[in-house]
Amino acid sequence: MARPPELLEDVLDGIDTLLVFSPSGAYYDRVKDVEGADVVVVATENSVGAETFVELPLAFDDVKERIRFGIEGALTEGAIEDGDELGCAAPLFGDDIDMVARTKVDESRHSGIYDLFANSRAEPGVIRDVFEVAIELGQKGQKGKPVGALFVVGDAGKVMNKSRPLSYNPFEKSHVHVGDPIVNVMLKEFSRLDGAFVISDSGKIVSAYRYLEPSAEGTDIPKGLGARHMAAGAITRDTTAVAIVLSESDGLVRAFKGGELVLELDPEEY
Amino acid sequence: MQVDFSPVLDPDFRYVLAVAVLFAGLALGYLIGRVNERLLLALDVDKAVEGTSIERMAHDIGASTVSLVARLTSWIIYAFAVLVALEVARLTVQDAVWYPIVGFLPSVVIAVAVLFFGVLAGDKAELFVSERLRSVKVPEMSVLPKAVKYSVLFVAALVALSQVGVAIDALLVLLAAYVGALIIFTAVATHQLLTSAASGAYLLLRQPYGIGDRVAIGEHEGIVQEVNVFVTRVEDDGREYVLPNHLVFKRGVVVVRE
């Protein structure tokens with residue numbers, strides 16, 4: 001008769017690297033000298049003093065997202081390589097580690113999401129909030145009809161100087177931030193009209209209805225995307241902002257940084 | 001207690017009356033206790049006291065804060081009922097023994113209630129402050145919630161003690177010294193922050209310049225990236241100047257329009 005731990009042996013057998021998510025100090029002490037695998041700690045902060053550490057800019061609720069993000073981060077930081085076999089130990093139900101999983105690093109699935117959150121000018125929480133609004137807008141649309149929207153996040157001063165108003169700015173003299181409860185409704189309502197939303201580094205909604213006029217020279221975005229995506233790509237090339245676009249035609253949410261498409265999400269999958 | 005007992009001179013009837021008073025008191029006490037419990041639950045007091053030391057203490061003895069308070073009100077009324085019944089039955093050997101105690105009881109009850117709410121408020125304040133400071137990972141900060149808690153407790157104890165007539169003049173002087181020191185310390189230490197916040201309130205309300213405007217504050221010129229209560233962030237050529245808002249008022253601000 002096999003004891004339960006032995007049944008799980010092949011899950012962690014032959015892994016190259018063990019990713020440990022938010023371990024307690026005692027757990028890390030047990031895990032750090034484990035034989036046959038490197039240990040990478042993934043957490044919101046390095047409270048255990050780990051040697052190889054990947055910072056999570058957000059505490060992802062979804063474990064799958066957290067693991068994917070951790071892998072992207074470790075890949076970006078060079079702690080793991082394409083084709084590595086990974087073991088992941090993470091907390092799922094409680095605060096302590098209570099699950100293990102196995103996965104393989106696949107460079108081709110590298111989406112650049114880690115870089116987007118961790119190395120952007122705007123705060124990670126702000127980018128996440130904007131993503132949430134875009135995804136929600138993509139799922140529900142405006143009164144049942146698909147709707148498009150363009151959010152330019154960060155470096156707001158420069159973005160404002162590279163754009164002009166299409167109409168009066170509904171956010172003039174207001175101090176609302178993305179993530180405030182009422183704001184999602186306002187953003188949805190204003191997404192009906194054309195133009196971009198400009199959001200500052202700290203999440204303040206600076207303006208709506210902006211017509212972006214960056215120099216689009218040399219912006220290379222996939223063929224078939226429209227003017228909204230072109231404007232998004234171009235503005236992120238001209239400034240240090242990040243642009244998050246909800247496509248009206250195919251309903252996908254795309255993120256641009258440095259003039260390039262870094263992330264493509266289907267709102268229906270969330 | 002000058003109750004007119006003239007129609008009931010008969011001692012037997014007095015005993016019956018006393019028993020009736022006693023039972024009425026017990027029923028009333030029980031009813032008020034129940035109503036009190038319902039009322040406290042309806043006011044969400046049980047959720048408000050969650051996690052405080054009183055709730056934990058109550059939990060240890062197998063009760064909750066709400067049921068303890070409800071039971072306390074019942075017991076106070078029971079005690080009064082017993083005293084009144086004894087009085088009606090004229091069973092007290094010497095009247096003088098009861099009167100000071102009965103007269104003193106309300107102050108004691110109020111003092112206990114004040115202490116009770118003091119401990120609750122202190123715990124709540126401690127929880128609130130530590131919750132707000134949770135993202136600040138400075139170990140020295142853990143002193144602050146404790147300080148807040150004991151300050152609240154100190155004031156509550158003072159009120160309770162004055163309620164039962166204990167001399168608290170020395171403690172009052174201590175409190176005054178403490179509060180005075182706190183005010184002076186805050187005023188001196190956060191002087192710049194306060195002036196910045198006052199200027200920031202004006203800047204946010206009136207918005208003489210906004211994000212995207214080119215401004216010069218003192219010798220720093222650039223494009224405004226962010227305005228909050230305390231600072232204005234101005235960026236120029238890859239340099240981001242974080243300027244305290246009181247500079248805007250002290251040095252003035254130039255809004256550059258080409």
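Helices (H or I, at least four residues) and strands (E, at least two) are DSSP runs, numbered from the N terminus. These close-ups come from a predicted model, where local features need pLDDT of at least 70, side-chain atom pairs count only at pLDDT 80 or more, and totals for chains, interfaces and linings use all residues. Residues are numbered from 1 along each chain as its sequence is written, while chains are lettered from A and ligands numbered from 1 in the order in which they are written.

**View 1. Gln207(B) sits in the loop between helix H8 (191-206) and strand E1 (214-217) of chain B.** Phi here is near 50 degrees, a positive value in a residue other than glycine. For background, most residues other than glycine have a negative phi. Gln207(B) has 15 C-beta neighbours inside 10 Å, so it counts as partly exposed (buried means 20 or more other C-beta atoms within 10 Å of a residue's own, exposed means 12 or fewer, partly exposed is in between, and C-beta atoms are placed from the backbone).

**View 2. Five strands of chain B form an open sheet in the order E4-E3-E2-E1-E5, with antiparallel pairing.** Strands E4 (239-244) and E5 (253-256) of chain B stand at the edges with a single partner strand each, so one side of each has no neighbour in the sheet. From one strand to the next, the twist averages 40 degrees. Pairing takes at least two bridges found by DSSP between two strands.

**View 3. The hairpin of E3(B) and E4(B) has 2 residues between its strands.** Strand E3 (residues 231-236) of chain B runs antiparallel to E4(B), and 6 bridges join them. Val234(B) has Tyr241(B) as its bridge partner, and Glu235(B) has Glu240(B). In this hairpin, Asp237(B) takes a positive phi near 55 degrees.

**View 4. Helix H1 (residues 11-42) of chain B packs on helix H4 (residues 65-89) of chain B at an angle of about 165 degrees, with the axes 8 Å apart.** That angle makes H1(B) roughly antiparallel to H4(B); the cut-offs are under 35 degrees for roughly parallel, over 145 for roughly antiparallel, 65 to 115 for roughly perpendicular, and oblique for the rest. Axes are lines fitted to C-alpha atoms, for helices over the stretch in contact, and angles run from 0 to 180 degrees between N-to-C directions. Residues in the contact of H1(B) with H4(B) split into 23 nonpolar, 7 polar and 3 charged. Here Ala, Val, Leu, Ile, Met, Phe, Trp, Tyr, Cys and Pro count as nonpolar, Asp, Glu, Lys and Arg as charged, and the others, Gly among them, as polar.

**View 5. Where the chains meet, 11 residues of chain A are in contact with 9 residues of chain B.** Contact means that the C-beta atoms of two residues, placed from the backbone, lie within 7 Å. On the side of chain A that touches chain B, helix H7 (residues 156-161) of chain A gives the most, with 5 residues. By class, that side of chain A has 3 nonpolar, 5 polar and 3 charged residues.

**View 6. Asp155(A) is in the loop between E6 and H7 of chain A.** Its phi is near 50 degrees, a positive value in a residue other than glycine. Asp155(A) counts as buried because it has 25 C-beta neighbours inside 10 Å.

**View 7. Gly141(A) is in the loop between helix H6 (124-140) and strand E6 (149-153) of chain A.** Leaving aside neighbours within four places in sequence, Gly141(A) is in contact with Pro146(A) and Val147(A). Gly141(A) and Glu248(A) are 107 residues apart in sequence and 9.2 Å apart in space, C-alpha to C-alpha.
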